[in-house]
Amino acid sequence: SDLVLLDLQLGTQRGEALIEDLRREGAALPPLLIFSAQPMNELRHAATMISAAGILQKPCDAASINHAIEVAVG
């Protein structure tokens with residue numbers, strides 16, 4: 001299964017802005033999983049904006065990442 005693991009801080013552009021740009025251009029995207037060190041309220045807001053399948057706040061362990069991926073693509 002495919003998945004986009006998205007960080008919100010991508011240099012000068014935010015991750016959610018990149019996803020919005022891709023969707024505006026008609027790109028078909030797999031489920032989105034936000035993986036970021038930003039505060040949880042920012043992760044929740046971004047997830048709502050881009051309809052992400054899940055969020056993970058850095059740092060987290062491999063088991064948490066694996067579980068979030070399984071849920072997102074499930």
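## Exposed and buried loop residues

In this predicted model, G11 is exposed, with a relative accessible area of 67%. G11 sits in the loop that joins strand 2 and strand 3. Its C-alpha is 18 Å from that of P39, and the two residues are 28 apart in sequence.

Q38 belongs to another loop, the one between strand 4 and helix 2. Is Q38 buried or exposed? Its relative accessibility is 18%; because the cut-off for buried is under 20%, Q38 counts as buried. Beyond its neighbours up to four places away in sequence, Q38 touches L8, Q9, R14, L43 and Q57.

## The largest nonpolar core

The largest nonpolar core has ten residues: L6, L8, I19, L32, I34, L43, A46, A47, I50 and A52. Helix 2 gives the most, with four residues.

One of the core residues is A47. Leaving out residues up to four places away in sequence, A47 touches I34, A52 and I55. I34 and A52 are themselves members of the core.

## Helix 1

Helix 1 covers residues 15-24, and its buried residues are G15, E16 and I19. Seen down the helix axis, these residues fall within an arc of 100 degrees, so they line one face of helix 1. An α-helix has 3.6 residues a turn, so residues three or four places apart point the same way. The buried residues of helix 1 pack against strand 1 (4-6), strand 2 (9-10), strand 3 (13-14), strand 4 and helix 2.

E16, in helix 1, is a charged residue that counts as buried, at 8% relative accessibility. Apart from residues up to four places away in sequence, E16 touches L6, L8, A46, M49 and I50. Of these, L6, L8, A46 and I50 belong to the largest nonpolar core. Just after helix 1, G26 takes a positive phi of about 90 degrees.

## Helix 2

Which residues of helix 2 are buried? They are L43, A46, A47 and I50. Viewed along the axis of helix 2, they fall within an arc of 100 degrees, so these residues line one face of the helix. N41, R44 and T48 are exposed on the other side of helix 2.

The cover over the buried residues of helix 2 includes strand 1, helix 1, strand 4 and strand 5 (54-57).

## Packing of helix 1 on helix 2

The axes of helix 1 and helix 2 are 10 Å apart, and the two helices pack at an angle of about 0 degrees. Angles under 35 degrees count as roughly parallel, and helix 1 and helix 2 are therefore roughly parallel to each other.

From helix 1, the residues in this contact are E16, I19, E20 and R23. They meet A46, M49 and I50 in helix 2. By class, the contact has four nonpolar, no polar and three charged residues.

Helix 2 is followed by S51, which is found in the loop between helix 2 and strand 5. S51 is not a glycine, yet its phi is positive, at about 55 degrees. With a relative accessible area of 57%, S51 is exposed.

The loop between strand 5 and helix 3 (62-73) contains P59. Which form does the peptide bond from K58 to P59 take? This bond is cis, with omega near -10 degrees.

## V4 in strand 1

V4 lies in strand 1. With a relative accessible area of 22%, V4 is partly exposed. When its neighbours within four places in sequence are left aside, V4 is in contact with P30, P31, L32 and L33. One of these, L32, is part of the largest nonpolar core.

A52, another member of that core, is 48 residues from V4 in sequence. In space, the C-alpha atoms of V4 and A52 are 9.5 Å apart.

Note on methods
Residues are numbered from 1 along each chain as its sequence is written. This is a predicted model: local features need pLDDT of at least 70, side-chain atom pairs count only at pLDDT 80 or more; totals for chains, interfaces and linings use all residues. Side-chain values use heavy atoms; hydrogens and water are left out. A nonpolar core is a set of buried Ala, Val, Leu, Ile, Met, Phe, Trp, Tyr and Cys residues joined through side-chain atoms within 4.5 Å. Buried means under 20% relative accessible area, exposed over 50%, partly exposed in between (1.4 Å probe, protein chains only). Contact means heavy atoms within 4.5 Å. The arc is that of the directions from the helix axis to the C-beta atoms. Axes are lines fitted to C-alpha atoms, for helices over the stretch in contact, and angles run from 0 to 180 degrees between N-to-C directions. Angles under 35 degrees count as roughly parallel, over 145 as roughly antiparallel, 65 to 115 as roughly perpendicular and the rest as oblique.
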